Amino acid sequence: MSRVELPVVSPVEPIVRAEIASLSILIGLCVGSFLNVCIHRLPKGESVILPGSRCTACGRSIRWYDSIPVISFLLLGGRCRGCGGRISWRYLAVEALTGVLFLLTMLRFGLGVRTIFVLAFLCGLVVVMFIDLDHQVIPHAVTLPGILLGLIASLITRDPSPRDAAAGALVGAGLVYLVAVYASVAFQS
C-alpha cells in the first residue's frame, strides 16, 4: 500500500490569509466610500476631490467620524447627524459591494499587479452601474480611462495580448459608436 503524504501547512498561513482578507475588505470599504462620491458627483460634472463630502439634504459638511464606511451609516441609522435627513441605502450598498469585490478578487488572484488592474476595472464597473441606474448614462470620465487602463494592463500582464486588447477596444468602441450614430438618426425629430 502506498503512503500518501499530506502537504505541510504552516500554522501561520491561515492567520496571514485572514489578515489579508480583513485588510482587503477594509480597503474595499474605503474605496467604496470614494466610489459613492464619484457616483454622486460625476453626472453633475463636479469635482470628486473638492469640496469634502456634504449631506445631500442640508449641505452640512460630513465629519470624518460620520464617514466611516458601513459603520457610520449603521450607527446613524441611515440619517444625517445634522438634519436627520435620510441617507440613501445605496451608500451602504456600494461600500459593502466594493468590500466584497476586493475580498473575492484578493482571494482569487492574490497579491500582484494583475489584482490591481482587476480591482480598478471592478471599481469602474461599480461606478458605471450605479450612475446608469440613476441617470441612464455611462460617463466618458469612467469609460475612456478604463479603456486606456485595459490597454496598459495588457502591455504589463500580457493577458490578453496587447494585440487582442487593442482589437477588443476598437471593436467595442466601434459598436458603441455605431449604436450612437444609428440612435441619433433614428430618433431625430
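Me: In which hand does α5 pass α6 in their crossing?
Reply: A crossing is called left-handed if the near helix is turned anticlockwise from the far one by less than a right angle, and right-handed if it is turned clockwise. In this case α5 passes α6 in a right-handed crossing. Helices here are DSSP runs of H or I with at least four residues, strands are runs of E with at least two, and both are numbered from the N terminus. Please keep in mind that this is a predicted model, in which local features need pLDDT of at least 70 and side-chain atom pairs count only at pLDDT 80 or more, while totals for chains, interfaces and linings use all residues. Residues are numbered from 1 along each chain as its sequence is written, and side-chain values use heavy atoms, with hydrogens and water left out.

Me: At what angle do the axes of helix α5 and helix α6 cross, and within what distance do they come?
Reply: Two packed helices are described by the angle between their axes and by the distance between those axes. The axes are lines fitted to C-alpha atoms, for helices over the stretch in contact, and the angles run from 0 to 180 degrees between N-to-C directions. For helix α5 (residues 140-157) and helix α6 (residues 162-186), the axes come within 8 Å and cross at roughly 165°. That makes α5 roughly antiparallel to α6, given that angles over 145 degrees count as roughly antiparallel, under 35 as roughly parallel, 65 to 115 as roughly perpendicular and the rest as oblique.

Me: Which residues of α5 and α6 make the contact?
Reply: Contact means heavy atoms within 4.5 Å. On the α5 side the contact is made by Ile147, Leu151, Ser154 and Leu155, and on the α6 side by Pro162, Ala165, Ala166 and Ala169. These residues divide into 7 nonpolar, 1 polar and no charged, where Ala, Val, Leu, Ile, Met, Phe, Trp, Tyr, Cys and Pro count as nonpolar, Asp, Glu, Lys and Arg as charged, and the others, Gly among them, as polar.

Me: How do the axes of α1 and α3 cross?
Reply: The axes of α1 and α3 come within 7 Å and cross at roughly 140°, and α1 and α3 are therefore oblique to each other. Their crossing is right-handed, and the residues of this contact divide into 15 nonpolar, 8 polar and 3 charged.

Me: Is threonine 98 buried or exposed?
Reply: Buried means under 20% relative accessible area, exposed means over 50%, and partly exposed lies in between, with a 1.4 Å probe and protein chains only. Threonine 98, which is found in helix α3, counts as buried because its relative accessibility is 1%. Leaving aside its neighbours within four places in sequence, threonine 98 is in contact with Gly28, Val31, Gly32, Leu35 and Val126.

Me: Where is the place of glycine 110?
Reply: Glycine 110 sits in the loop between α3 (89-109) and α4 (113-135), and it counts as partly exposed because its relative accessibility is 23%. Apart from neighbours within four places in sequence, glycine 110 is in contact with Thr105 and Thr115.

Me: Which residue has a positive phi although it is not a glycine?
Reply: Most residues other than glycine have a negative phi, and most peptide bonds are trans. Glutamine 136, in the loop between α4 and α5, has a positive phi of about 55°, and it is exposed, with a relative accessible area of 60%. Arginine 158, in the loop between α5 and α6, has a positive phi near 60°, and at 57% relative accessibility it counts as exposed.

Me: Which peptide bond is cis, with omega near 0°?
Reply: The bond from aspartate 159 to proline 160 is cis, with omega near 0°, and proline 160 is found in the loop between α5 and α6. The bond from leucine 50 to proline 51 is cis too, with omega near -5°, and proline 51 is found in the loop between α1 (13-41) and α2 (71-75).

Me: How many helices and strands does the secondary structure of the chain come to?
Reply: The chain has 6 helices and 0 strands, and of its 189 residues 24% count as buried. The C-alpha atoms fill a box of roughly 80 × 50 × 30 Å, taken along the principal axes.
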